[in-house]
Amino acid sequence: MNSEEIKLVAGFLESALDIEDKMSESVYGEFLNRKVWPANLEDSAFELIKERLFILIKETEDHKKIFLNLKNNLNGNVK
């Protein structure tokens, strides 16, 4: 790849990392807050929701690691 292509790919990877951060923090994180759910939602239902959200958060963190590895490889820092 030439330097312009590397810059373009690096920009895509930065965007992907930013999206992963926002998904994990603002979307999934917000729904872990009991106060955003209806007051009459049963505790058992909320616990199930949290369980599923933690799976999504973990997957998002895994995606972030993949993008970071790609970025490091792009910069010649193979890990």
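Let us begin with a definition: a residue is buried under 20% relative accessible area, exposed over 50%, and partly exposed in between (1.4 Å probe, protein chains only). Trp 37, with a relative accessible area of 24%, is therefore partly exposed.

Before you start, note that this is a predicted model, in which local features need pLDDT of at least 70, side-chain atom pairs count only at pLDDT 80 or more, and totals for chains, interfaces and linings use all residues. Residues are numbered from 1 along each chain as its sequence is written, and side-chain values use heavy atoms, with hydrogens and water left out.

**Exercise 1. Describe the aromatic pair that a search of the whole structure finds.**

Step 1. Recall the rule: rings of Phe, Tyr and Trp (its six-membered ring) pair if their centres lie within 6.5 Å; planes under 30 degrees apart count as stacked, over 60 as edge-to-face and the rest as tilted.

Step 2. The search of the whole structure finds one aromatic pair. Phe 31 and Trp 37 form this pair, with 5.7 Å from centre to centre and 55 degrees between the planes, and it is tilted.

Step 3. Check the cover of Phe 31: at a relative accessible area of 37%, Phe 31 is partly exposed.

**Exercise 2. Work out which of Glu 4 and Lys 7 counts as exposed or buried, and how their side chains meet.**

Step 1. Helices here are DSSP runs (H or I, at least four residues), and they are numbered from the N terminus. Glu 4 and Lys 7 both lie in helix α1, three residues apart, which is about one turn of the helix.

Step 2. Glu 4 has a relative accessible area of 53%, so Glu 4 is exposed. Lys 7 counts as exposed too, because its relative accessibility is 57%.

Step 3. A salt bridge is a side-chain nitrogen of Lys or Arg within 4 Å of a carboxyl oxygen of Asp or Glu. The side chains of Glu 4 and Lys 7 meet in one, at 4.0 Å from N to O.

**Exercise 3. Find the partner of Glu 14 in a salt bridge, and say where both residues lie.**

Step 1. Glu 14 forms a salt bridge with Lys 71, and the closest N and O atoms are 2.1 Å apart. This pair links distant parts of the chain: Glu 14 is in helix α1 and Lys 71 in helix α2, 57 residues apart.

Step 2. Helix α2 covers residues 43–74. Glu 14 is partly exposed, with a relative accessible area of 38%, and Lys 71 is partly exposed at 23%.

Step 3. Contact means heavy atoms within 4.5 Å. Leaving aside residues up to four places away in sequence, Lys 71 touches Leu 13, Glu 14 and Leu 17.

Terms used:
Helix = DSSP H or I, 4+ residues; strand = E, 2+ residues; numbered from the N terminus.
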